[in-house]
Amino acid sequence: MEKKTGLAEYFPIWDKLTVQEQELLNKYAYYHKFPAGTVVHNGSADCLGILVLSSGQLRSYMLSDEGREITIFRMFEMDMCLFSASCMMKNIQFEIAIAAEKDTEAWVIPPHIYKQLMEQSVAVANYTNEIITGRFSEVMWLMEQVMWKSFDKRLAAFLLEECNIEDSLMLTITHEKIANHLGTAREVVTRMLRYFQVEGMVKLKRGGLEVLDRKKLQQLAE
């Protein structure tokens, strides 16, 4: 009974499903824990299933041939991750990896079950299309940032986003991780953070940093 209640609580369109569709999910969906640092999904050859997050934080990113990463989007509680079931989306021509940034718990819906739901439920098909459209918009926004926005503005915006996510001005994050999020080299991040420190916006610490002037970062990001 706990399993059924949990899935009903976190699946966004549960109330739009028929009783038979709800029973199908209750029967085949299972609960899984992903410790922080776990690679949840690694490219198109990997097809775990649809993830419905009940807690934690996932990061979706792309990896270049040279090993450089760039974050595409993140997922939080009640978000639904489609790309962990990339075998369902034959037209996806790019490789996406997904990792747990924090200890994460999620419901896993097997790909064939979710595909069956999409084929028989207009509500599921429409919601899936909404998610895909939203993710596409995020990718386009990212491309716009990378192509047209200077790195100091992107870094300022990233630090503000991290403060909002962690609800703290103290950020435990390495220069390497920031570089991975923003698709650049660690040396570039270090050089810009040192400039931010000189300008009084941040204070660098071992293994992280403290945001000192949030308003100044906001002005720079805008």
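I began with a crossing: α5 and α8 cross in a left-handed way (the near helix is turned anticlockwise from the far one by less than a right angle). I noted that this is a predicted model, where local features need pLDDT of at least 70, side-chain atom pairs count only at pLDDT 80 or more, and totals for chains, interfaces and linings use all residues. Residues are numbered from 1 along each chain as its sequence is written, and side-chain values use heavy atoms, with hydrogens and water left out.

Next I checked the angle. The axes of α5 (residues 151-166) and α8 (residues 214-221) come within 8 Å and cross at roughly 135°. Axes are lines fitted to C-alpha atoms, for helices over the stretch in contact, with angles from 0 to 180 degrees between N-to-C directions. Helices here are DSSP runs (H or I, at least four residues), strands likewise (E, at least two), numbered from the N terminus. The two helices are therefore oblique to each other (angles under 35 degrees count as roughly parallel, over 145 as roughly antiparallel, 65 to 115 as roughly perpendicular and the rest as oblique).

Who touches whom? From α5 I listed residues including D152, L159 and C163, and from α8 residues including R214 and L217; contact means heavy atoms within 4.5 Å.

Last, I looked at which strand gives most to the linings. β6 supplies the largest share for the largest pocket, four residues, while β4 gives the most to the second largest pocket, five residues.
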